[in-house]
Amino acid sequence: MSALLTGAFGTTIGEIVDPEQESDLPARIRCAGQNKATSLRVSAWLPAETARRGRAMNEVRIAIFVFLCLTGASLGALFFYERLPARQRQDDTHSVMRLIANIFVVMTSLVLGLMISSAKGKFDAVNRDVHSYATGLILLDRMLVLYGPDAGQARQRLVAYAERAANGHWTAEGGLSDRTSERLLQELGAGLRALEPRADPQLSIWNDIREQYRKVLELRWGLVEQAEGSIPRPLVLMLVAWLMLIFATFGFRAPRNAVIVTSFVAASALIGGAIYLIVDMDAPFEGPIQVSPAPLQRALTEMRQ
């Protein structure tokens, strides 16, 4: 019973309540403890691919939503124009609508430029961090080789972790740290702490190994924290609203023929695809635009030699 109530705080119910009084606990507390422990065990095995598919589907939904909104706004204005009263179809009305649309054309261009710059800047920063991380893993491996045969087991754990990292396992469901990768690093840290340097050169190398291990951990957690997108969804919705106004203005008094309809549909699809790529680039480990795992794969090749 007390083992089931062990959670993230590292304390069991047996450490708080006397074992003889444990049976007197309310049934709802015991049931809650069981549910909590069960959820902890299940969540530890949730695959990262489920979260990846969920985030990819969200990006696809955003692109489809943009396409439908822009197509509806342009074609709605195109076919609804003839039903408006004559006084609302005058040239003055159309001129004022064009002036309003011009304001939002400029604002939309600025916001799109900022979104592209933000997503590209984040993508480049994460790419640099991945190269630094791969370099850190290689340096840690070389230090373990210099330490001697006593570090062989720790080096095997490092290689096992590098294999998982090279396969793209950075985060689990909800953007949290991948539990298997975290366990491998914890085992590596335990193996490093278990080393007992005998002579002065080994002691110096051991200190360097511990320092490099801390740097690797810092880089890894930095990459995990950058796995999620940073573009606010309200900003995307506001941008879509501006684009709808612009497309509706374009459709107002436009000729009703197949060329115009096809142009509106194609433009809506292209803008939806552009926003999809921007949002996808903002999540550098997901979707068609991803940070390359080649640095980690090269590091793994070096470590296996």
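Threonine 249 lies in helix 8, which covers residues 233–251. The model described here is predicted. With a relative accessibility of 2%, threonine 249 counts as buried, because buried means under 20% relative accessible area. Apart from neighbours within four places in sequence, threonine 249 is in contact with Met97, Arg98 and Ala101.

Several other residues of helix 8 are buried as well, including Val236, Leu239, Val240, Trp242 and Leu243. Ile246, Phe247 and Gly251 also belong to the buried set of helix 8. The length of helix 8 agrees with expectation: at 1.5 Å a residue, its 19 residues should span 27 Å, and its end C-alpha atoms are 27 Å apart. Just after helix 8, arginine 253 takes a positive phi of about 65°.

A further feature is the pairing of helix 4 with helix 9. The axes of these two helices come within 8 Å and cross at roughly 35°. Helix 4 passes helix 9 in a left-handed crossing. The residues that make the contact are listed below.

| Helix | Residues spanned | Residues making the contact |
|---|---|---|
| Helix 4 | residues 91–147 | Leu112, Met115, Ile116, Ala119, Lys120, Lys122 and Phe123 |
| Helix 9 | residues 258–282 | Ile278, Met281 and Asp282 |

By class, the contact of helix 4 with helix 9 holds seven nonpolar residues and three charged residues, with no polar ones. Among the charged residues are Lys120 and Lys122 of helix 4 and Asp282 of helix 9.

Definitions and conventions: Residues are numbered from 1 along each chain as its sequence is written. This is a predicted model: local features need pLDDT of at least 70, side-chain atom pairs count only at pLDDT 80 or more; totals for chains, interfaces and linings use all residues. Side-chain values use heavy atoms; hydrogens and water are left out. Axes are lines fitted to C-alpha atoms, for helices over the stretch in contact, and angles run from 0 to 180 degrees between N-to-C directions. Helices (H or I, at least four residues) and strands (E, at least two) are DSSP runs, numbered from the N terminus. A crossing is left-handed if the near helix is turned anticlockwise from the far one by less than a right angle, and right-handed if clockwise. Contact means heavy atoms within 4.5 Å. Buried means under 20% relative accessible area, exposed over 50%, partly exposed in between (1.4 Å probe, protein chains only). The expected span of a helix is 1.5 Å times one less than its number of residues.
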